Amino acid sequence: MSDRTRASIPANSTSAPTAQSSAPLSGRQPVLELRNVTKRFGPLTVLDGIDLSVAQGEVVVLVGPSGCGKSTLLRCTVGLEQIDGGEVLLDGEVVSGRERTQQDRSRMGMVFQSYDLFPNMSVIDNVTLAPTIVRGQSQKDAREKAKALLARVGLADRADARPSTLSGGQQQRVAICRALAMEPEVLLLDEVTAALDPEMVHEVLQVVLELADDGLTMLIVTHEMSFAQAIADRVVMLDAGHIVEEGGPEFFTNPKTERAKAFLRTFEFHRSGRDS
Amino acid sequence: MDWGLVHAYTPLFVTALRVTLMVSAGGVAAALVVGLLVAIVRLWHVPVLDQLSIAYVEVARNTPSLVQLFFLYFGLPKLGILLSQETCAIVCLAFLGGGYMAEAFRAALVAVPPIQHESAQVLGLTRRQAMRHVVLPQAMAQATPALVANVVFLVKESSVVSGIALADLMYVAKDIIGQSYDTVEALFLLVVAYAIILLPISAVGSAIERRFAYGR
Amino acid sequence: MGAEFLLQGATIKRLLVGLGVTLRISLVSVALSIPFGVLMGVLFTRKNRMLQVVLRAYLNFIRVMPQLVLLYVVFFGSATTLGLNFSGEVASIIVFTLWGAAELGDLVRAALESIPRSQYDSSYVLGLTQRQTFLRVILPQALSRLLPPSVNLVTRIVKTTSLCMLIGVVEVVRVGQQIIDYYRFDYPQGALWTYATLALLYFCICWPLSMLSKWLEGRNTR
């Protein structure tokens with residue numbers, strides 16, 4: 001997969017949306033699969049029978065209005081929330097509906113909106129913690145790998161810094177390294193730029209784009225529409241706990257449903273009397 | 001426990017309760033005034049007074065109330081300053097409490113964002129007007145939980161005044177234990193009396209703190 | 001000046017012995033408060049309703065009772081009701097441990113609760129076990145938040161040990177009174193200087209602790 005680049009996004013996904021099948025890129029084995037996933041908070045059904053699969057090397061972007069269940073979907077996928085119905089499969093194996101083992105959990109990576117680095121550890125210790133104590137790697141190996149990861153996101157010189165001395169964008173890049181250090185089969189990104197100052201958004205998204213180019217499987221929730229358009233192999237729009245539309249990146253230029261059109265209009269600005 | 005004795009001793013404790021309340025109320029009121037003045041002096045960095053305030057707060061907070069009380073009652077007369085037991089008790093609580101109240105006020109005053117001072121300034125208010133109308137009201141809300149905690153603390157500390165033979169709750173209990181050995185009854189009444197004073201104050205304090213936590 | 005008696009070898013020695021008793025009571029109480037306090041704090045964060053009620057009641061009782069009342073209850077009350085005759089010093093240590101453990105327990109609870117939920121989430125998605133999460137991620141952070149108020153608690157305990165003299169413990173304030181009595185006729189100004197000296201002694205112990213607490217706190221907020 002590593003030879004795949006953004007420029008060569010296969011167009012086959014555009015022909016895919018047959019009913020709700022959410023077919024992965026043709027011929028590829030789904031890494032992650034959600035079957036009829038349902039989640040309720042009290043009387044409120046936040047996710048209502050979601051079917052979604054993500055193929056090896058595929059980048060799926062989840063969009064939708066605030067409160068539509070995007071973040072909950074990610075949290076259910078990694079097991080931070082228990083689901084009330086359906087199942088979550090990783091490599092064809094059901095991982096939901098029971099206490100997840102350490103191994104299950106470390107196969108999926110997740111990066112949060114508020115970065116959440118461990119403030120009591122240096123940058124590099126944040127990255128090496130899980131590989132050493134969960135995977136049992138030696139300090140030396142873990143540090144070497146961590147350094148390589150940090151170098152890749154342009155933070156090699158901050159390895160021994162405290163997280164609090166870093167900018168938000170830098171912290172978020174470290175958080176991505178922390179997740180990558182476990183070599184996850186799929187990486188989930190939950191609005192990773194929502195808490196950042198505008199000038200830092202780009203540096204983080206650039207890192208994510210490079211990961212996509214390297215063939216990392218990702219499920220991304222974002223409000224950055226131009227980024228979503230650039231990175232997505234497939235776009236899934238969620239509204240009120242349902243998938244209302246899915247398709248290729250042309251979703252952004254040529255949405256099919258009214259819901260999607262209305263949603264995309266909220267990102268446009270018009271000043272009356274000026275527009276033609 | 002002999003309930004007859006409890007009943008018989010109750011009037012003594014009611015009288016003593018008044019003494020404890022009187023000393024505490026006086027001490028708390030004076031401590032609030034001292035604390036607020038000190039906090040403002042420190043906030044405005046009034047020359048000389050600022051340094052004196054810092055020293056005062058540190059001494060008040062880092063020496064035992066009992067030693068402060070003994071110094072006032074037994075030490076000061078050697079300099080010709082004779083205070084009655086009641087005055088001494090109240091001055092002691094004011095001195096001790098002033099240090100704690102000052103810190104509570106100061107923390108709250110500092111927590112008011114600078115933009116509030118600046119906004120008031122831009123509107124043309126003087127520093128004093130800004131303090132009175134803009135900064136202090138906000139700081140008061142913020143300071144309330146700490147102030148209430150200090151009130152509880154001061155009422156508790158008032159028990160040391162029994163050490164200079166002022167007939168408060170503690171003194172009466174000590175007296176009964178020493179003279180008639182009705183230890184259990186005296187201790188029971190003592191605990192009940194303090195619970196009657198302090199549980200409501202403490203409950204009000206927690207309620208304010210909870211409301212405050214929700215408001216944020 | 002009338003304070004020369006304070007500089008005599010015998011006087012200084014007696015004061016230091018008294019100060020030793022003060023510090024012994026303080027240190028033993030603090031040492032005992034730590035394990036009990038930590039245990040209480042961890043129990044506080046358990047969601048067991050019954051446990052919560054019991055712990056809350058205990059904490060609130062200890063909080064509203066003057067330490068002097070607690071000293072009386074343990075010193076005089078235990079002899080009458082339980083037939084246990086504690087020495088003044090043992091009674092003092094019991095009271096300061098009961099008090100210290102309650103206050104420390106509440107501090108531990110607050111420190112544990114102040115760790116954001118997201119720290120647990122981040123550890124979870126990395127595959128850390130509950131034990132690893134607690135030991136490697138939560139505890140180190142809780143400790144740095146716990147330390148400043150705990151040091152303050154130690155200062156409060158040191159200051160409050162002065163009350164032990166009121167149940168007959170010969171600690172530093174009581175020694176001071178003995179010195180005043182002894183020099184009553186030769187140095188009539190004795191009370192003034194002695195109490196000032198006592199205040200200074202306490203200040204020399206408590207003030208550095210207060211500064212340490214402030215410094216630790218400043219380090220946290222940076």
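Predicted model: local features only at pLDDT ≥ 70, side-chain atom pairs only at ≥ 80, totals over all residues.
Biologist: Chain A, then. What is the strand order in the sheet of 6 strands?
Modeller: S6-S7-S8-S3-S9-S10, as an open sheet with mixed pairing. Strands here are DSSP runs (E, at least two residues), as helices are (H or I, at least four), numbered from the N terminus. Two strands pair if DSSP finds at least two bridges between them.

Biologist: Which strands are at the edges?
Modeller: S6 (108-111) and S10 (242-247) of chain A. Each pairs on one side only. Neighbouring strands are turned by 20° against each other on average, direction ignored.

Biologist: Do S6(A) and S7(A) run parallel or antiparallel?
Modeller: Parallel, over 4 bridges. S7(A) covers residues 186-190. Gly109(A) stands opposite Leu187(A) in S7(A).

Biologist: Which helices pack on that sheet?
Modeller: One is H1 (residues 70-78) of chain A, which touches S3, S6, S7, S8 and S9 of chain A. Its direction makes about 145° with that of S7(A). Another is H8 (residues 258-265) of chain A, touching S3, S9 and S10. H8(A) makes about 95° with S9(A). Axes are lines fitted to C-alpha atoms, for helices over the stretch in contact, and angles run from 0 to 180 degrees between N-to-C directions.

Biologist: What about the sheet of 4 strands?
Modeller: That one is open too, in the order S2-S1-S4-S5 of chain A, with antiparallel pairing. Its edge strands are S2 (44-55) and S5 (93-94) of chain A. S1 (residues 30-41) and S4 (residues 85-90) are joined by 5 bridges. Glu33(A) has Leu89(A) as its bridge partner in S4(A).

Biologist: What does the Lys39(A) side chain reach?
Modeller: The backbone oxygen of Gln82(A), at 2.8 Å. Beyond its neighbours within four places in sequence, Lys39(A) also has contacts (heavy atoms within 4.5 Å) that include Leu47(A), Thr72(A) and Cys76(A).

Biologist: New topic. How do H5(A) and H6(A) pack?
Modeller: At about 20°, with axes 8 Å apart. They are therefore roughly parallel. Under 35 degrees counts as roughly parallel, over 145 as roughly antiparallel, 65 to 115 as roughly perpendicular and the rest as oblique. Residues in the contact include Ile176(A) of H5(A) and Val204(A) of H6(A).

Biologist: And H1(B) with H6(B), at what angle?
Modeller: About 135°, with axes 11 Å apart. That makes H1(B) and H6(B) oblique to each other. Among the contact residues are Leu32(B) of H1(B) and Leu147(B) of H6(B).

Biologist: Last one, chain C. Which residues of H7(C) are buried?
Modeller: Val172(C), Val173(C), Val175(C), Gly176(C), Gln177(C), Ile179(C) and Ile180(C). Their cover includes H3 (65-75) of chain B, plus H1 (9-44) and H8 (190-221) of chain C.

Key
Residues numbered from 1 in each chain as written. Chains lettered and ligands numbered in written order. Heavy atoms only, no water. Buried < 20%, exposed > 50% of the residue type's maximum accessible area, 1.4 Å probe, protein only. Polar contact = N/O pair within 3.5 Å; in protein donor to acceptor, adjacent residues only side chain to side chain.
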